[in-house]
Amino acid sequence: MTPSARLACVVAVPPVCGAIVWLILVAAGITGLHPIWRLEPRNLTEAAAFRDPGAVVRFAEAGHDLNRPGDLRPGFVDDVTTLTPIEAATATRQREMVLLLLDLGASLDAPAWERAICLASEQGVRELLESHRPAEAVERCAEP
Amino acid sequence: MQRSIPAVAAYGLALVVALALACDLLWMPIQVADSLGEMLDARRSPSAWASFTGNFGTEAYLRPFRIAQIKALFDLAQGSQYWLVYRGFHAALAVAALLLFTRALRVTAAADVAAAAFALAVLTGLHTFQGTVREAFPINHFLEVAVFCLLTLNLARSRGGAWVDAAALLSLLAAALTIESGVLVWVVAASAWAVGWRGISRRGLAMMTILLAAYLFLRFGYLSTGVPALSERSSGYLLRLLDPPELQARFGSQPLWFYTYNVAASAASVLFSEPRAGVFEAVRGWLEARPLPRSIIPVSTSIVTTGMIAWALLGRPVSWRVLDDTKRLILVGVAVLGANAVLSFAYTKDEIVSTAGVFYALAAFAAVRAMLSAPRTGGAVQVLLALVLCALSAGWAVRSVGLHYVLRSQALKHQIDWVTLPYDWRRNQEWPSDPADERLILQLRSEAVRVALPNTRAERPEWPAHVWTE
């Protein structure tokens, strides 16, 4: 191989590899095996915690209970593994997700509200929860 | 037959990139912003011709062919296949752009294949190209203009004839009536003619010039559509985005400085990947002491590539009296960059200079090919050159693959917009009262929401956001 040909290979190899990697990423992703983004929610709670409104709607339309606590894999909310979808959205500081769950028909009765408000550290989420506060609900969170 | 092997290799690589890009585009819902309203208007319009004639001289724009195309595709969907038709058209445009780009390279030797691979990575990796694929309104007219310009360049490099002149004329007409940057088709034809590519004849170019003059008269004289005002939209300036009231307060009395900044920023954005949409984001990152690979890689690869292009144009001992194809490609690129930057005077957006970005990639091809064919000095210089080119090529490959990240993130954003749209519109009392509009919205929403998309928002893993910008 001549020096010029070697130099041409040095220039060509990265873009060719890049194109092949791109095609593999797309193909793997379409078949549900994306090598980078593999986080598949197993229930409504995880869909809410993973910031995936599309999955939330798909679970809801499939008849899943919007108020039922679900298991959440570790690493998303400190020390908690079972939450309702609204609690999961609250704990992960997502005002829009809480609003979507309410729009979809999730209910905030007094016990649910009292649990959720204690997980709310983001101001927008707190304000939204306050605007949906049931009459008999009282905020009584334990001091950290 | 031997000569066709490099061309086949270049087209093969272009097809791999085109396939990946087309799949990414098809795997994306139709967007809501700047798209749903157009589709609702298309539903109400009786025909594509009515859409065309009804959009002469409205507001500050003259884009009747854009509206007519939206209507034509809407009718083609026949009430059910909206995603397939609009996204399919976008994917087809992207494939056409990549194939026309590869054809314009005229690959004939092994060194050309390497330069073509590099150029394809520059084309798809440059941030201005993202603007042609990230969004569609519901057609991406910036990508259409790039395709028309590439078509015109190929016509200019052809053997010529009456059909070539006619095709160039039609290309200018369609592009100019789609969006203002369509006049770049004329710039491509004129600059190609000036550097010696005479596929479009003198007569053809004269007719294109008359058509351009007629367009300018129609727009600024007869219809008085004017230019966008400062109060219309936000625009980047130095280290941040200024909203319309701020722009008005700062530049309302002397907009010339702001327009000059926009032209310079647009040109610099293509050449150095900075500023982005008028904002010096990498500089801001440095000032805030948190420079990330996502700002270092684009700026460094662009600076080195621009330096190579400058060397290929000015640093080689080649006569200016008889231009070679390297200088021709670069000079056409310089003309398109200048014109495209001037067209961005009113406000800066990466997608407005997307056509200049395409011609920058063509110039990069010419520069790398010239470098690969330059006499070898050997020894340490040769090793250093190989290391620099390898790092540069790898940097562009990383930028190119980043388009997958951009499109996955964008797909999720479009889906989220559809998820929340009925609730937001009802809350804001914007929900349509017409049952046909309502049916169309719910159908589009259903199509958009049912697709499971890779979740790029959960910040797991974190590294993609450090390497690429959405």
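In this predicted model, the largest nonpolar core runs to 177 residues. The residues with the most contacts inside it are B:Ala94, B:Ala116, B:Phe118, B:Ala119, B:Leu150, B:Ala364 and B:Phe365. Helix α17 of chain B, spanning residues 354-373, is the top contributor, giving 15 residues to this core. Chain A has a share too: domain 1 (1-38) and domain 2 (44-131) of chain A both give residues to this core, so it lies between them.

Setting aside neighbours within four places in sequence, B:Phe118 touches A:Val11 and A:Pro15 from chain A.

Now for the interface as a whole: 47 residues of chain B are in contact with 36 residues of chain A. On chain B, helices α1 (4-26), α6 (110-125), α17 and α18 (379-427) each supply at least two residues of the side that touches chain A. Of these, α18(B) gives the most, with 17 residues. Sorted by type, that side of chain B has 33 nonpolar, 8 polar and 6 charged residues.

As for chain A, its secondary structure comes to 7 helices and 2 strands, following the pattern α-α-α-β-β-α-α-α-α along the sequence. Here are some overall numbers for the chain:

| Property of chain A | Value |
|---|---|
| Radius of gyration | 22 Å |
| Box filled by C-alpha atoms, along the principal axes | roughly 85 × 35 × 25 Å |
| Buried residues, of 144 residues | 42% |

For reference, a compact globule of 144 residues would have a radius of gyration near 15 Å.

Methods:
Residues numbered from 1 in each chain as written. Chains lettered and ligands numbered in written order. Predicted model: local features only at pLDDT ≥ 70, side-chain atom pairs only at ≥ 80, totals over all residues. Core = buried A, V, L, I, M, F, W, Y, C linked by C-beta atoms within 7 Å. Buried ≥ 20, exposed ≤ 12 C-beta atoms within 10 Å, placed from the backbone. Helix = DSSP H or I, 4+ residues; strand = E, 2+ residues; numbered from the N terminus. Domains from an automatic or database assignment. Contact = placed C-beta atoms within 7 Å. Nonpolar A, V, L, I, M, F, W, Y, C, P; charged D, E, K, R; others polar. Rg over C-alpha atoms; globule rule 2.2 N^0.38 Å.
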